[in-house]
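User: Could you walk me through this model, starting with its pockets and then its salt bridges?

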Amino acid sequence: MAAVSKLEPVRGSPRSRRRGARLRGLLRLLVPRRPKALRDSLTRWLLFGVAIGLVAGAGAVVFYWCLGRATGWLLVGLGGYQPPTTVGEGGGLTGGGFTRPWAVPLVTCGGALVAGLLVAAFAPEAKGHGTDAAIHAVHHEPTALRGRVALVKIVASSLVIGSGGSGGREGPAAQISATVVSMLCGRFRVPRRDARIAVSAGMAAGIGAIFRAPLGGALLGAELLYRNDLEADAIMPSLVSSITAYAVFGAVNGFQPIFGTMSALTFTHPVTLVWFALLGVAAGLAGRVYAGLFQRGGAALRRLPVPAALLPALGGLAVGLLGLAVPAALGTGYGWVQLEMRADRLLAAPLWLVLVIPLVKVLATTLSIGSGGSGGVFGPGMVVGGCTGGALWRVLAALPWTGASPAPYVIVGMIACFGAIAHAPLGVMLMVAEMTGNLSLLAPAMIAVAIATLVVGERTIYVNQLEDRLESRALYAEQARSGARSE
């Protein structure tokens with residue numbers, strides 16, 4: 001007993017108590033205090049992520065099918081113009097000339113007219129580029145999106161892009177899946193915090209499926225919400241939903257990368273980093289022009305004394321006329337990126353055409369989507385960056401260490417340009433790597449996107465992005481106070 005009494009003061013000394021407190025604090029960091037709650041949360045998000053992925057994958061399948069049919073019926077059938085296609089989508093057709101050039105402006109105008117009337121009558125939220133609308137929903141109204149928006153977005157985007165309007169597929173895919181997820185969250189009364197994550201995951205799954213790039217899509221769902229931050233809580237649900245949506249979409253349309261598997265392209269010499277650094281500057285400048293012209297040009301178009309429902313038709317007519325001079329202005333433009341990856345095609349084209357394609361694509365996207373037409377800005381942004389990379393290779397082709405193929409410059413240009421103006425360098429970098437089946441160009445891509453981001457600065461293509469999560473929490477608190485006052 002005496003021995004025990006001698007030990008008691010030592011065990012309870014201030015030093016031992018401090019040591020024990022530090023140990024308990026470390027254990028609390030490493031081991032959750034409620035492991036069962038953590039397991040329940042993980043299980044819930046795994047199941048929820050799978051459900052979101054199934055919804056997003058099905059939406060992407062339907063939209064992809066509608067867009068393909070619309071392109072075949074409108075631009076190819078009525079317009080008489082076959083645009084080039086990518087290797088993974090259409091076998092890499094080089095495209096053809098205009099068999100009925102007079103019909104092309106009429107088709108682009110008619111498709112945009114019907115889409116504009118449809119949007120104005122049933123779902124004004126479906127106009128413009130859908131990714132920005134999905135970002136706005138995450139920050140402001142994650143359970144308030146109307147279900148009809150998804151249906152209208154499918155039809156309107158298919159008409160605008162399928163008739164030759166310049167727009168991307170990712171915006172409609174993101175808004176379609178985000179809308180359905182938002183509607184389900186509202187119906188089942190999912191808490192606002194969880195609904196925000198669910199809508200983010202739906203946006204990520206739609207992008208990952210339509211581009212066959214699940215990892216890049218998952219990171220984009222977290223990155224696109226902020227200019228200088230990412231939504232860490234959304235990454236795990238986005239990974240689950242994106243791979244599920246990719247599996248659903250691939251089961252119907254195949255799993256081949258959009259631009260084919262370019263495993264032969266490698267980074268072989270450090271000296272080439274100088275050229276890729278120069279590409280970063282060029283891509284950053286192209287991104288600034290794209291974001292600035294799209295936003296200011298869209299605002300100028302909306303000030304015209306033309307009814308909002310008819311304004312997309314005016315933009316469609318202008319795009320059709322522009323496309324007769326530079327066909328790359330029409331449609332998504334992915335096929336033109338595929339062509340610019342071939343040295344023989346790029347060297348055979350007139351230099352003025354190679355240099356002007358990026359600017360023409362910016363102008364065409366402003367006319368099509370900035371006027372209120374339905375489509376995305378992600379895809380055109382990558383076309384602008386890819387064609388900027390191709391133009392730089394064409395100008396530098398005679399200099400040493402530029403390489404025999406323009407494909408690395410086209411691929412890195414896509415990453416640098418849109419990764420910078422979307423403030424999503426990691427997601428875009430991985431997405432383009434998945435779209436080309438090549439990871440060996442990540443080193444020059446990292447250099448280029450870092451420099452392009454410095455050139456772009458705070459400018460962004462998505463006006464609904466917040467600065468960071470601090471601003472998001474402040475907004476959430478303000479919305480909570482407003483809700484309490486209204487009650």
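This is a predicted model: local features need pLDDT of at least 70, side-chain atom pairs count only at pLDDT 80 or more; totals for chains, interfaces and linings use all residues.

User: OK, what is the volume of the largest pocket, and which residues are closest to its centre?

Analyst: The largest pocket has a volume of about 710 Å³, and of the 34 residues lining it, Lys 127, Gly 128, His 129, Arg 302 and Gly 372 are the closest to its centre. A pocket here is an open set of points on a 1 Å grid over the protein atoms alone, where a 1.4 Å probe fits, with protein on both sides within 12 Å along at least five of seven lines, and lining residues have an atom within 4 Å of a point. A volume is the space filled by probe spheres set on the points, which are joined across faces, edges and corners.

User: And the second largest pocket, which helix gives the most to its lining?

Analyst: Helix H3 (35–78) does, with nine residues; helices are DSSP runs (H or I, at least four residues), numbered from the N terminus. The volume of the second largest pocket is about 590 Å³, and among the residues closest to its centre are Glu 89 and Arg 169.

User: Switching to salt bridges, what does Glu 89 pair with?

Analyst: Glu 89 forms a salt bridge with Arg 212, their closest N and O atoms being 3.1 Å apart, where a salt bridge is a side-chain nitrogen of Lys or Arg within 4 Å of a carboxyl oxygen of Asp or Glu. Arg 212 lies in the loop between helix H8 (192–210) and helix H9 (214–223) and Glu 89 in the loop between H3 and H4, so the pair ties together parts that are 123 residues apart in sequence. Glu 89, Arg 169 and Arg 212 are linked in a network of salt bridges.

User: Are those two, Arg 212 and Glu 89, buried or exposed?

Analyst: Both Arg 212 and Glu 89 are buried, meaning under 20% relative accessible area, with exposed over 50% and partly exposed in between (1.4 Å probe, protein chains only). Asp 233, which meets Arg 193 in a salt bridge (2.7 Å, N to O), is partly exposed at 39%.

User: Last one, how do H5 and H7 cross?

Analyst: The axes of H5 (residues 130–140) and H7 (residues 170–187) come within 6 Å and cross at roughly 35 degrees, the axes being lines fitted to C-alpha atoms over the stretch in contact, with angles from 0 to 180 degrees between N-to-C directions.

Note on methods: Residues are numbered from 1 along each chain as its sequence is written. Side-chain values use heavy atoms; hydrogens and water are left out. Helices (H or I, at least four residues) and strands (E, at least two) are DSSP runs, numbered from the N terminus.
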